[in-house]
Amino acid sequence: MKKQITIPDTELTLSPLGLGLASAGLKWDGKDADYLFDAFLDLGGNVYDTARVYSDWVPGEVGRSERVLGDWLSRSGKRNQAIIITKGGHPDMLADPVDLHQSRVDRASMRHDLELSLKALRTDCIDLYFYHRDDEKIPVPELIDTMEEFVKEGKIRYYGCSNWSTDRMKEADAYCSQKGYRSFAANQALYNLGYRYMNPLDDDTMLAMDGGMQDYHRQNPRNLAMPYMGVCSGFFHQYVSKGRDAVKDSPYCTEGNLRMAERVRELMEKYHATVSQVVLGFFTCQDFACLPLYGPRNVDNLKDVMGTFEIPFVKEDFSV
């Protein structure tokens, strides 16, 4: 695969696409998961993205995604070929009722999640560990010191943030510069082909990569942008295959995105590409490094999307 990404001032060289594992244990498990994870490596991928909370919103098992990935790492012996990403501090999805604004990024909760992640993944050290949410009532230095403690203990190599504001990331960078720490190596936020025109999501703790955050990443390549929801929850796929009625209830169903959907059709014809390749091709044309996360249905789907990085998309392709 072309276009590997090296995060400056780290030892991390990453594939341009991350395998999103929110569905591990649901769509694929056991031999099916092994086949998919092996195929990703064979196709040039090495970034496996999970979280302690995946997928606790489905009853029956806690931490199933990390367990499935840990099963593969244990059976395959391929830990040294994989970049393992996981996240801690997400609100409790087992609570009754679930409160997405109930913070769990304090030091004790993060340590609790990290220890469970290490055990489930059956590894001594996580390559890139994320705050899954933020709590602006907790001072940034306290949150950074927690991550630095994990680094010193050898339990994580680098750390990142997910759903943090640009101002909070800048504050973290300033504190780390003062203390001689490296600071965040990556940032996960909502960003995709349709984000500019979409309506707000029900979950307001999920932050979009707005213009200010994009400027931040242009100026700070040491913090790699890792967009989630990269295929817009299937909006463009549904529109192309089934028409406007199939997407009328989607938060992406706006006049701007309906115009963009027609542009997707044009690009499919121009490049002889699939919907997935066009939608993910958007990330190959940014003026800052982007490593999107993607959860495939199966190996054939994975092979299709990995072909994205062989197509010469240009930024102007995605203007409407």
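User: How many residues of strand β8 are buried?
Analyst: Strand β8, residues 186-190, is mostly covered, with five of its five residues buried. Keep in mind that this is a predicted model.

User: Which residues sit on each face of β8?
Analyst: A186, Q188 and L190 are on one side, and N187 and A189 are on the other.

User: Which way do β7 and β8 run, parallel or antiparallel?
Analyst: Parallel; two bridges join strand β7 (residues 156-162) to β8. S162 has Q188 of β8 as its bridge partner.

User: And how many bridges join β8 to β9?
Analyst: Five, and β8 and strand β9 (residues 224-228) are also parallel. Here Q188 has M226 of β9 as its bridge partner.

User: Which helices go with these strands in β-α-β units?
Analyst: Helix α5, residues 166-179, forms a right-handed β-α-β unit with β7 and β8. Helix α6, residues 211-219, forms a right-handed unit with β8 and β9.

User: What is the strand order in the open sheet?
Analyst: The sheet has eight strands in the order β9-β8-β7-β6-β5-β4-β3-β10, with parallel pairing. β9 and β10 (293-294) stand at the edges with a single partner strand each, so one side of each has no neighbour in the sheet.

User: How many bridges are there between β6 and β7?
Analyst: Strand β6, residues 126-131, pairs with β7 over five bridges, in the parallel sense. The bridge partner of Y131 in β7 is C161.

User: Switching to K87. Where is it found?
Analyst: K87 is in strand β5, residues 83-88.

User: Is that lysine, K87, buried or exposed?
Analyst: K87 counts as buried, because its relative accessibility is 1% and the cut-off for buried is under 20%.

User: What does the side chain of K87 reach?
Analyst: The backbone oxygen of T50, at 2.8 Å. Leaving out residues up to four places away in sequence, K87 touches D49, T50, A51, R52, Y54, Y129, F130, H132 and Q188.

User: How many residues does the largest nonpolar core have?
Analyst: It has 102 residues. Those with the most contacts inside it are L14, F37, Y48, L69, L193, M226 and F236.

User: What is Y48 in contact with?
Analyst: Beyond its neighbours within four places in sequence, the contacts of Y48 include L19, F37, F40, L69, W72 and I84.

User: Which residues of α1 are buried?
Analyst: A33, D34, L36, F37, A39, F40 and L41. The elements covering them include β3 (18-20), β4 (47-49), α2 (64-76) and α10 (299-306).

User: What span should helix α1 have?
Analyst: Helix α1 (residues 30-42) has 13 residues, and at 1.5 Å a residue they should span 18 Å. The end C-alpha atoms are 18 Å apart, which agrees. Just after α1, G44 takes a positive phi of about 105°.

User: Last one, where does D317 lie?
Analyst: D317 lies in the segment after α10. D317 is buried, with a relative accessible area of 2%.

User: What does D317 touch?
Analyst: R263, L267, K270 and Y271, not counting residues up to four places away in sequence. Its side chain makes a polar contact of 2.8 Å with that of K270, and another of 2.6 Å with the side chain of Y271. D317 and R263 are 54 residues apart along the chain, and their C-alpha atoms are separated by 8.2 Å.

Notes. Residues numbered from 1 in each chain as written. Predicted model: local features only at pLDDT ≥ 70, side-chain atom pairs only at ≥ 80, totals over all residues. Heavy atoms only, no water. Helix = DSSP H or I, 4+ residues; strand = E, 2+ residues; numbered from the N terminus. Buried < 20%, exposed > 50% of the residue type's maximum accessible area, 1.4 Å probe, protein only. Polar contact = N/O pair within 3.5 Å; in protein donor to acceptor, adjacent residues only side chain to side chain. Contact = heavy atoms within 4.5 Å. Pairing = 2+ DSSP bridges. Right-handed = clockwise from strand over helix to strand, strands pointing away. Core = buried A, V, L, I, M, F, W, Y, C linked by side-chain atoms within 4.5 Å. Expected span 1.5 Å × (residues − 1).
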